Amino acid sequence: MSADVLVPFDDVLERFDPALGLEVHVELNTASKMFCGCPTEFGAEPNTQVCPTCLGLPGAMPVVNRKAVESAIRIGLALNCEIAEWCRFARKNYFYPDMPKNFQTSQYDEPIAFNGFMDVEVDGQAFRVEIERAHMEEDTGKSLHVGGATGRIHGADYSLVDYNRAGIPLIEIVTRPIVGAGEKAPEIAKAYVAQLRDLIVALGVSDARMDQGSIRADVNLSLSPRGAGTLGTRTETKNVNSLRSVERAVRYEMSRHAGVLEEGRPILQETRHWHEDTGITTSGREKSDAEDYRYFPEPDLVPVAPSREWVEELRGTLPENPTQKRARLQAEWGFSDLEMRDTVGAGALGLVEETIAAGASPQAARKWWLSDMARRANEAGVELTALAVTPLDVARVQTLVDEGKINDKLARQVFDGLLAGEGTPDEIVEARGLAIVSDDGALGTAVDNAIAANPDVADKIRDGKVAAAGALIGAVMKEMRGQADAGRVRELILEKLT
Amino acid sequence: MPEDTPGSSTSRSDRVEITRDEVAHLANLARIDLDDAELDHLAPQLSVILESVASISGVAGDDVPPTSHALPMTNVFREDVVRPCLTAEQALSGAPAQGAAAVRGPADPRGRAVSGLTRRTAAELADALAAGETTSVELTRAHLDRIAEVDGAVHAFLHVDAEGALAQAAAADERRAAGSPASALDGVPIAVKDVLATQGLPTTCGSKILEGWIPPYDATVVARLKQAGLPILGKTNMDEFAMGSSTEHSAYGPTHNPWDLDRIPGGSGGGSAAAVAAFEAPLAIGTDTGGSIRQPGAVTGTVGVKPTYGGVSRYGLVALANSLDQAGPVTRTVLDSALLHEVIGGHDPLDSTSIDQPLASLVDAARRGAAGDLTGVRIGVVTELGGEGYQAGVLARFQESVDLMVKAGAEVVEVSCPSFVHALATYYLILPAEASSNLAKFDAMRYGMRVLPEGVENPSAEEVMRATRDAGFGDEVKRRIILGTYALSSGYYDAYYGQAQKVRTLISRDFAAAFERADVLVSPTAPTTAFKLGEKLDDPMAMYLNDLATIPANLAGVPGISVPSGLADEDGLPAGVQILAPALADDRLYRVGAALEAALLEQWGGPLLDKAPALEGAAR
């Protein structure tokens, strides 16, 4: 599918400096849309959450949602931005079949928040990402392309449009070009998005689900000859909808750009599409003179001029700074630097915190999320937060283990059940019959059977080779289909043979 | 707003020509398929217009802040509360039709008009209803009969809703009978310009592209009419998307001036003005972006009011230029306008630009004015709105009106508003820019007309869009979309749209200075009386000049009224006098307008419309 010439990553860095830019769209979790009173719930029947305004019917008009402005200001403040004393909405004019008005109501050169930064941690080192702006806008409808081979607009037999998403409030957060990242560029990109997502979660302004598109990242990348200190032509890669993909997309584009440049060809300034399955980008539309958005101030809306009192009041509602919070949590939980870094790196900080809050010990919470859950998420190719297992579930499973009702091995079966949607942990233990057998009678019979079936092993134990008990324990556990407390089994065997 | 490509604007702005290639590029941006003939035709036409509007580039504007909103408002928010949605059926209704559907014509004749009911004013009809002398059904039927009788000749209506109007009338009669009328005008019928959304009634904006569209919601103005109990007779004709001064740009054929059926009724709201002048409706709603209520009022001998920007909700008014549009009354008397203005005016949370403060009583002002005393009122005659380019008979009637106001006790001052000479150019940059964006939504996707491109198999959405927009929009609409696309495009924004917004500020400042010296400003409403149908159709600039005197008020957001000033000596056709007041002082229009009207009525010995030819049996 792709004829791209890729230069190995290490070779790219020998000859080029990367410059990154990230544009992250955050869908706010307001009850109603940006400019009308329609609800914003995800997954409703198509075209049931619409009104004249978000359908763009002739004559309908927008009115700004106060809560969306508050969320925008809070995001701006959390990103250390200045908040505009006066700003406006503007129309971005372009035609697209799923855009009801054929212009997007957005902000142009007067964003609500600007000049901020976020300190991103990669391998224990802080890297400052400068924020150019955060502005408010509305989402478009969603096209479903039916027929054809690709499911994309080209070649489709026909297209359907769901306008439920049209008008949902978005905050677009744009970084300044991130230079000097070198080999860490892919990790910094990923860490920035992960940390931004944690911040959004802490602010409580969005569902922050990348898999549902409530956080969407566009990755801009350019290369310049090493040490030149200039910026090369950039590409904008869209559809990067997981943390892992952010890192992979940066890595891929760096290799591809280098391949093009090494062949002496120019980089086309274009939009590229990321393909999660194949791990490559393909060319989208070319950005050229043909794109002329003809921005002008939205005449149906009046300026937004947040008073300083309002801004300070909102500043008072900000959650703890993430860097300070991490230091505090690490001390509280007693994690080593490495454990903490792995937790943050896996995007599991919030999940671990919630799991601990639900009653699990810090080590247990970390163990489940970073081993079992991380593996399952990886296999499914989704984010940890997208798994059908909640922090409450994990805490409950750990409680069942602590109470001796199940063991770690059975716990994994409970997680299988949770992922399969079989109910709560307790329901799954019940339905799957996973509870450990603690009845000595049933265990005793199994132990007797194991001794009878393995007379030579039994003899060794009788001779004092207690270590041989492991083989008998295994046999008992097998007969009990794992539903036994291995410690109790060991005690029974030793009681009978010594 | 800064440009994407700084520095390029200066080098380009010297040029006042749009080449054929540029028109093709702009048409591409605006998704309109223009053929070679259209390109050949449009390029020189647009160059002439541009040559004229480019004159504002010479206005010094370095220290002038741009005006994008006529009134200084900030922080208009709604709370984050969920409101009821449309049903999926409503949301998906009105899917594009691929063939041409005929617009329903007026109702069948029901016999001769009943008595003199249709010749009475709305205030008189309201009194008659209150006194039990007539019923709403009777007078609604009388107007429907009148429509059936004369609208074949006048063509004021695009759609008549006899059934709906009679049902509303019956409900009004029940309320009257129960002693609980919904308002002073409960039961008095009205006509509504086809640019306002009416639930269940076609709304075409005079355009083919909206043929067959039936809105699933009511404009706020329409909802208020219904709440107040006014039966809606139907929807009136207009220039396509309100672009024009003659109603000749309606895709459904022109409206004829009841004073002379070979002449234009003004525009864009020629249908509303003609309906009222021809006694087809006692009241009508118009909309005024650059004079579309006032100029038709002047040339048909009726009263038209453009309220303060933000005084009447724009929700459901299909926008031409959002920062200029305003809906208002079209009536035969000043008092009727005040009564109707009070029904439709007032704050609307669905319109962010709606003014949220109480206004002085307009009806009281009109009644006070009718007593005829203007002692202490300072009338400012605007130097720049008169003289050259104005018809002698129009100026004579204007001077007569000024003299009558002086006789009533007013003091006259001469005021100069030097920036007004740039108003037309400013308007023809701001309006097309906003319109080009507003009209982008007509893309054949969700509603209205859908045209498949000829000779294209399996056309894409993009191709259908282009073909539909070419077939569905008329010439004037295309001209303005291209002009607006040009004024907003990269490299031209500062020189055109940006500069126009600065000049807009200067125009507002001129008004502010003038209102320091005068309580109201006066001028002729339109430079001429009604011209012949077809006379200016091929000369856009000549057509645009009709709005010379009315445009400044829209740019500054101030209110204005046009009151009939009599008949021009040379052609015996009606002329109008325009009265302008500061923003939010709409009551002054009614006080001064009613006083002038009273003096003129005395002079004429009865309503001016009594001098109009009878239309009964008028054949076409």
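1. The C-alpha trace of chain B spans about 70 × 55 × 55 Å along its principal axes.

2. This is a predicted model, in which local features need pLDDT of at least 70, side-chain atom pairs count only at pLDDT 80 or more, and totals for chains, interfaces and linings use all residues. Residues are numbered from 1 along each chain as its sequence is written, while chains are lettered from A and ligands numbered from 1 in the order in which they are written.

3. In chain B, 62% of the 620 residues count as buried (20 or more other C-beta atoms within 10 Å of the residue's own, C-beta atoms being placed from the backbone). Of the contacts in chain B between residues at least 6 apart in sequence, 80% join residues at least 24 apart; a contact requires C-beta atoms, placed from the backbone, within 7 Å.

4. Chain A comprises domain 1 (9-314), domain 2 (320-432) and domain 3 (440-497), with bounds from an automatic or database domain assignment. The C-alpha centres of domains 1 and 2 of chain A lie 30 Å apart.

5. Between these domains of chain A, 14 residues of domain 1 are in contact with 12 residues of domain 2. On the domain 1 side, the largest share, 6 residues, comes from α3(A).

Technical notes: Contact = placed C-beta atoms within 7 Å. Helix = DSSP H or I, 4+ residues; strand = E, 2+ residues; numbered from the N terminus. Buried ≥ 20, exposed ≤ 12 C-beta atoms within 10 Å, placed from the backbone.
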